[in-house]
Amino acid sequence: FIYEENRSHNRCIEGYRMFKEEGLDEPEDVKNATTQYRQDSDRISQFIDAWLEEGTDEDGRPFEVPVKAAFRIYSKWADEMNYRPENYKNFRAAMEKNYELVTRRPRDGGDKTPLIIGVRLRKEENGTEDEDGEVFQPLTDEQCKI
C-alpha cells in the first residue's frame, strides 16, 4: 500500500512539474471562440470594417481623413447600432494602433488637424449593397401602399 501511494505521489509531482514547464494547451475551439469574442466585442474594429476604406487617390497618394470626422461618423454609427461609443481619446488611440496618424493641414485645405493616413470614409456603410451590387433603398410610402 505504501509503495502504491508513493508511486501515485511521484506521478502527481511529475504532472505538476510538466504543468509548470509547459502550461496547458488551449483546445483549438477555445482559441477560435476567444478570437471571435474579441472581434465581436471590438466595436472600433467593426466600425473600421464598416466605414473606412484603405487605399490611395488617383495621384497615388494615400487617402487621409481627419480623426474628428471619423470620430463623428463612429459616434453616430455606434448610436445607431445601440452601442456605447468610446470617447475621443480611446478612439484616437485605437486608430493609432491600426494606422499612421499625423498632424498637418489636410490636402483639401484648412487648419492643422490630426489625420488618419491611408484611409478614407466610405460613401455608405460596407455591406449595405444587395446581391446585385446596388445600394439598398427603402421603399417610399407610396410604394408600400397595398
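This is a predicted model: local features need pLDDT of at least 70, side-chain atom pairs count only at pLDDT 80 or more; totals for chains, interfaces and linings use all residues.

Trainee: Which residue does the D59 side chain meet in a salt bridge?

Mentor: R61, with N to O at 3.5 Å. R61 is partly exposed, at a relative accessible area of 37%. Salt bridges with shared partners join D59 and R61 with D57, E64, R104 and R107 in one network.

Trainee: How many salt bridges does the count come to?

Mentor: The count comes to 8. One of them pairs R120 with E53, where the closest N and O atoms are 3.1 Å apart. That pair links distant parts of the chain, since R120 sits in strand β5 (residues 119-121) and E53 in strand β1 (residues 52-54), 67 residues apart.

Trainee: Okay, zooming out. How many helices and strands are there?

Mentor: The protein has 6 helices and 5 strands. Along the sequence the pattern reads α-α-α-β-β-α-α-β-β-β-α. Of the 146 residues, 21% are buried.

Trainee: How do α4 and α5 cross, left-handed or right-handed?

Mentor: Their crossing is right-handed. The axes of α4 (residues 67-80) and α5 (residues 88-98) come within 11 Å and cross at roughly 115 degrees, so α4 is roughly perpendicular to α5.

Trainee: What stands out about phi at N82?

Mentor: N82 has a positive phi of about 60 degrees, although it is not a glycine. Most residues other than glycine have a negative phi. You'll find N82 in the loop between α4 and α5.

Trainee: Is N82 buried or exposed there?

Mentor: N82 is exposed, because its relative accessible area is 72% and the cut-off for exposed is over 50%.

Trainee: Last topic, nonpolar surface. Which residues form a nonpolar patch?

Mentor: Y16, F19 and L24 do, with about 380 Å² of accessible area together. L24 is in the loop between α1 (2-22) and α2 (28-41), and L24 is exposed at 71% relative accessible area.

Conventions. Residues are numbered from 1 along each chain as its sequence is written. Side-chain values use heavy atoms; hydrogens and water are left out. Patches are made of residues with over 30% relative accessible area and no salt bridge: like charges are joined within 9 Å, nonpolar side chains (Val, Leu, Ile, Met, Phe, Trp, Tyr) within 5 Å. Accessible areas come from the Shrake-Rupley method with a 1.4 Å probe; for residues, only the protein chains shown count as cover. A salt bridge is a side-chain nitrogen of Lys or Arg within 4 Å of a carboxyl oxygen of Asp or Glu. Helices (H or I, at least four residues) and strands (E, at least two) are DSSP runs, numbered from the N terminus. Buried means under 20% relative accessible area, exposed over 50%, partly exposed in between (1.4 Å probe, protein chains only). Axes are lines fitted to C-alpha atoms, for helices over the stretch in contact, and angles run from 0 to 180 degrees between N-to-C directions. Angles under 35 degrees count as roughly parallel, over 145 as roughly antiparallel, 65 to 115 as roughly perpendicular and the rest as oblique. A crossing is left-handed if the near helix is turned anticlockwise from the far one by less than a right angle, and right-handed if clockwise.
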